[in-house]
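The following exercises concern the architecture of a protein model and the surfaces at which its parts meet.

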Amino acid sequence: MNTKRRLFLKGSMAAGVAGVAASAGLLTPGMVLAAWPNQAFDAKSVADAMKGIAGSADAAASGDIKIKAPDIAENGAVVPVTVSTGMAGVESISILASKNATPLTSSYTLGSATEAFVSTRIKMGKTADVIAVVKAGGKLYQAKKEVKVTIGGCGG
Amino acid sequence: MSLSRREFLQLLATASAAGFSLTGCDKSSTETPAGVKPQKTPGNPYELAPYGNVSVMHYTDCHAQLLPVWFREPQINLGVGSMYGNPPHLVGEHFLKEYGFVPGSMEANAFTFLDFPELSKKYGKIGGFAHLATLVKNIRAQRPGALLLDGGDTWQGSGTSLWTNAQDMVDAQIKLGVDIMTPHWEMTFGADRVKEIVDNDFAKAGIDFVAQNVTYNDEDFDREGEHVFKPYVMREINGVPVAIIGQAFPYTPIANPRHMVSSWTFGINDGEMQETVDDARSNGAQAVIVISHNGMDVDLKMASRVTGIDAIMGGHTHDAIPKPVVVSNPGGKTLVTNAGSNSKFLGVLDLDVKNGKVKGFQYKLLPVFANLIEPDKDMQDLITKIRAPYQDKLAEELAITDDTLYRRGNFNGTFDQVIVDALLEVADAEIAFSPGFRWGVSVLPGEAITVDHVMTQTAITYPQVTRNEMSGETIKVILEDVADNLFNEDPYYQQGGDMVRVGGLEYTIDPTAAAGKRISDMTLKGKPIDPGRNYAVAGWASVQETPAGDTGLAIWDVVTQYLKDQKTIKVNNLNTPKLKNVEGNPGLG
């Protein structure tokens, strides 16, 4: 319970920066958004999840999106991921784990006076790409980084 | 406190007779031409030519070996992708050729597996803290102000370090005169014990414990993101400010039990390393040295990406590399050195720093031949005192070996074979797994295997032997997972251990294949492994806080009992996998 509380606090702090009210999925969806995008969060593929959350699966690769995540996860249950971008007019940031059963982990809607910086923890079942999708000026951009999830042990 | 003249003369006579020349280690700022002919140096091999104005000494991965040891270097250390054929992935004759060493020489014995038992008997044991101490004092006398860097894996690897909760090694480090260290296995004594030593013993002795890549995670909410230890320290050497940055083993909470350091997070973090280097430079550092526990492949990649580091002096993968690799990056050049393991070597790096910049370097990696160096009396007395309460236990002879016993290499070593055979028998299992650690000393044919030897192979703080039912499918997943930690073409995704050692199970491996596709033809007693069937699997060193299938037995008890029952050890059945697509690989001897 303590850990959860800390996670919640952490989530609130990240949210303060990002200007949203929920993070890490600890608040029940209904409390946060009037129209919860089931289609996006229940989608089984990256393409369907992107369509559901951003309206399209087509996003241009961008070097302006920075993803900070470990090369190898210390704990697949809570993988720290930070996404930031210097792009102008950022409307939303979504984070996907490509091989999760439901790839969309979270999506953040940003106000115009908010720094495009989101920090959260995601759960990853196996080695996969972490994909950040940024909607800015009505267009979609993406970047990805591989995060390895390993059994552990056997080191040097 | 250098060696006496008489000792030097004795040493010189022995060294010349034995052909100990250190050619190939003789590296100055000008590149040695390729194909240079080895020659005998007429002087004392431990008397180094003066060079520059900033000197540092470096040893790493001694694994608590206070006494001189036999340690057989790998016969197989495959490099894949861009690592193919490059240091450190050279073994045996490929290694000798690269560094200009003569077959049968003392260097051949120290750096390779070739003719291991014969050359070992000829040249004697290597390492030991009493001999290392004499060498350190001697280099300090030649190079006033030189720092001594300890690359970590110092507190773990022997019976006495385990039983004294690492106090023996802490006392030995203080006596040796260590200035700065960075950790890996130290962490397996638990966060509290690490902090206790750093804040008390080390603080009193003036030893800095540095790690730029260890910060508090969100379990310690108030301190999240803060450094647990100093990221670097600034020391003045002959009036030159030098920054020493620490890089702890990045995958400690993955390769070792996370619960032991549950509120600390690690990782490689190039961006943060760059910030640390820039900070050191802006605070006036004229030379920047990283002591690293990355493993050499990771060091090489990091050197190509981070700018402003003059030298990365590394360890973890136990590679003894006589010459630095000079790596180009957008900011200039960075030297990468790796200094072997088991107290066998002392690296000496001399830098010529002028007008705030490093203008040139000289590096030597000195093998610590116990027969060539008088043991330091103070250190010898300390070691004797440390071992005294345990001496009878350590000296107990369990069996005689007919073969050389060793661990190091990508796949099962002979000592691993003894361990997995013991697990199969004592835990009554069909398949046994033993971790691909790179530490553990060797035993020569005809020698008695003692408790001391067994502890060098098994002394860890999580020694529980486990027995679990696992499906054939799970077994494949485990082998693939460990193989990817060893053979991923991107070193940042490697963990620096060798392949898991196996008993019972046979398989084929293609190290060049993609993740998940390297392992094939898994069989047990000639029958294919059935993905859907369960098998009884024994193992040890689980990283879980409460290991599944804990038998209540410690691994050293299992191995000790097995050796006593066997009386004589002959390894007829070394279980190494069938290899695919590695013909001609210079990492294969």
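**Exercise 1: The domains of chain B**

In this predicted model, the C-alpha centres of domain 1 and domain 2 of chain B are 27 Å apart. State which residues form each domain of chain B, and describe the side of domain 1 of chain B that touches domain 2 of chain B.

*Solution.* Begin with the bounds: the assignment places 5-26 + 56-369 of chain B in domain 1 and 396-579 of chain B in domain 2. Next, consider the contacts, for which C-beta atoms must lie within 7 Å. By this criterion, 42 residues of domain 1 of chain B meet 33 residues of domain 2 of chain B. On the domain 1 side, two or more residues each come from α4 (116-123), α6 (159-163), α9 (252-255) and α11 (296-305) of chain B. Finally, sort that side by residue type: 17 residues are nonpolar, 20 are polar and five are charged.

**Exercise 2: The fold of chain A**

How many helices and strands does chain A have, and in what order do the elements run?

*Solution.* Chain A contains four helices and eight strands. Read from the N terminus, the order is α-α-α-α-β-β-β-β-β-β-β-β. Of the 156 residues in chain A, 44% are buried. Among contacts in chain A with a separation of 6 or more, 62% join residues 24 or more positions apart.

**Exercise 3: Where the chains meet**

Determine which element gives the largest share of the side of chain B that touches chain A.

*Solution.* First, 32 residues of chain B are in contact with 18 residues of chain A. On the chain B side, α9 and α16 (472-487) each supply at least two residues. The largest share, four residues, belongs to α16(B). By type, this side of chain B comprises 15 nonpolar, twelve polar and five charged residues.

Key
Residues are numbered from 1 along each chain as its sequence is written. Chains are lettered from A and ligands numbered from 1 in the order in which they are written. This is a predicted model: local features need pLDDT of at least 70, side-chain atom pairs count only at pLDDT 80 or more; totals for chains, interfaces and linings use all residues. Domain bounds come from an automatic or database domain assignment. Two residues are in contact if their C-beta atoms, placed from the backbone, lie within 7 Å. Ala, Val, Leu, Ile, Met, Phe, Trp, Tyr, Cys and Pro count as nonpolar, Asp, Glu, Lys and Arg as charged, and the others, Gly among them, as polar. A residue is buried if 20 or more other C-beta atoms lie within 10 Å of its own, exposed if 12 or fewer, and partly exposed in between; C-beta atoms are placed from the backbone.
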